[in-house]
Amino acid sequence: MNIGEEKDVRNYERVIMGIDPGTNVMGYGVLGINGKHPEVVVMGVIQLSKFESHYKRLHRIFERVSGLVEQYLPDELAIEAPFFGKNVQSMLKLGRAQGVAMAAALSRDIPIAEYAPLSIKQSVTGSGSASKERVAEMLKRLLHIPPENMPHLLDATDALAAALTHFYETGKPQLPKGPRSWADFISKNPERLAPRRSKPAERQEKGTGRDSDSLR
């Protein structure tokens, strides 16, 4: 299920796909980038609850993500990392869903970036504790999404938020890495090392030597 009118990805310099993994519903969102201006290409969800078998759901995820990659030709994939809860079985299934989605992208040589839910919320809303509804509302404002194009299932906006987070993160200036230690600094900057000063005892010996020569 897609939300809104699809746009031609060939009109963009860069395309980022976001994925919100799930075993009942998986969200996806695609951003088109020109310069520093992102806009929504498409967002939607993959319904999986109709498949009773967990393995059939995984197969469906691989098929649909592969199809989305072929259709929208993303340059990068941003995916939300599973939230670690108390239910081990649920976490295992969610991790498998994420892994299958990643495998579909990797099979097409798409680079992957993974972001924690807290990081995505912080990036989009400024608060790591923001609700899904708050994330969706901020996306509507930031990306100028018409109200009629906002999805009912927030899995789609969560996926779009992952893509937007990746856009923000990759747009940050990369600062040069500093030296790993003082020895590393010295080896790379020998001209910054001040000349070694002689100890008081050494200066005294030199002075005594000059006095002795003058007396001979």
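I began with a helix pair: α4 passes α5 in a left-handed crossing. The model I am reading is predicted.

**Entry 1: α4 and α5**

I looked up where these helices lie. Helix α4 covers residues 132-142 and helix α5 covers residues 155-170. Their axes come within 10 Å and cross at roughly 60°. That makes α4 oblique to α5. Next I listed the residues that meet. From α4 I noted K132, V135, A136, L139 and L142. They meet T157, D158, L160, A161, L164 and Y168 of α5. I sorted the residues of this contact by type: 8 are nonpolar, 1 is polar and 2 are charged.

**Entry 2: α1 and α2**

I then turned to helix α1 (residues 54-72) and helix α2 (residues 88-106). How far apart are their axes? I find 8 Å, with a packing angle of about 30°. Angles under 35 degrees count as roughly parallel, so α1 is roughly parallel to α2. The crossing of α1 past α2 is right-handed. On the α1 side, H54, Y55, L58, I61, F62, V65 and S66 make the contact. On the α2 side I have K93, R96, A97, V100, A101, A103 and A104. I count this contact by type as 10 nonpolar, 2 polar and 2 charged residues.

**Entry 3: strand β5**

I looked for the partners of β5. Strand β2 (residues 14-20) pairs with β5 in the parallel sense, over 4 bridges. Strand β6 (residues 112-115) also runs parallel to β5, joined by 4 bridges. I79 is worth a note of its own. I19 stands opposite I79, and I79 stands opposite E114 in β6.

**Entry 4: the whole chain**

Last, I stepped back to the protein overall. I count 7 helices and 6 strands. Along the sequence the pattern reads β-β-β-β-α-β-α-β-α-α-α-α-α. What share of the 216 residues is buried? I get 40%. I also checked contacts with a separation of 6 or more: residues 24 or more positions apart account for 63% of them.

Key: Residues numbered from 1 in each chain as written. Predicted model: local features only at pLDDT ≥ 70, side-chain atom pairs only at ≥ 80, totals over all residues. Heavy atoms only, no water. Pairing = 2+ DSSP bridges. Helix = DSSP H or I, 4+ residues; strand = E, 2+ residues; numbered from the N terminus. Axes fitted to C-alpha atoms, helices over the stretch in contact; angles between N-to-C directions. Parallel < 35°, antiparallel > 145°, perpendicular 65-115°, else oblique. Left-handed = near helix turned anticlockwise from the far one by under 90°. Contact = heavy atoms within 4.5 Å. Nonpolar A, V, L, I, M, F, W, Y, C, P; charged D, E, K, R; others polar. Buried < 20%, exposed > 50% of the residue type's maximum accessible area, 1.4 Å probe, protein only.
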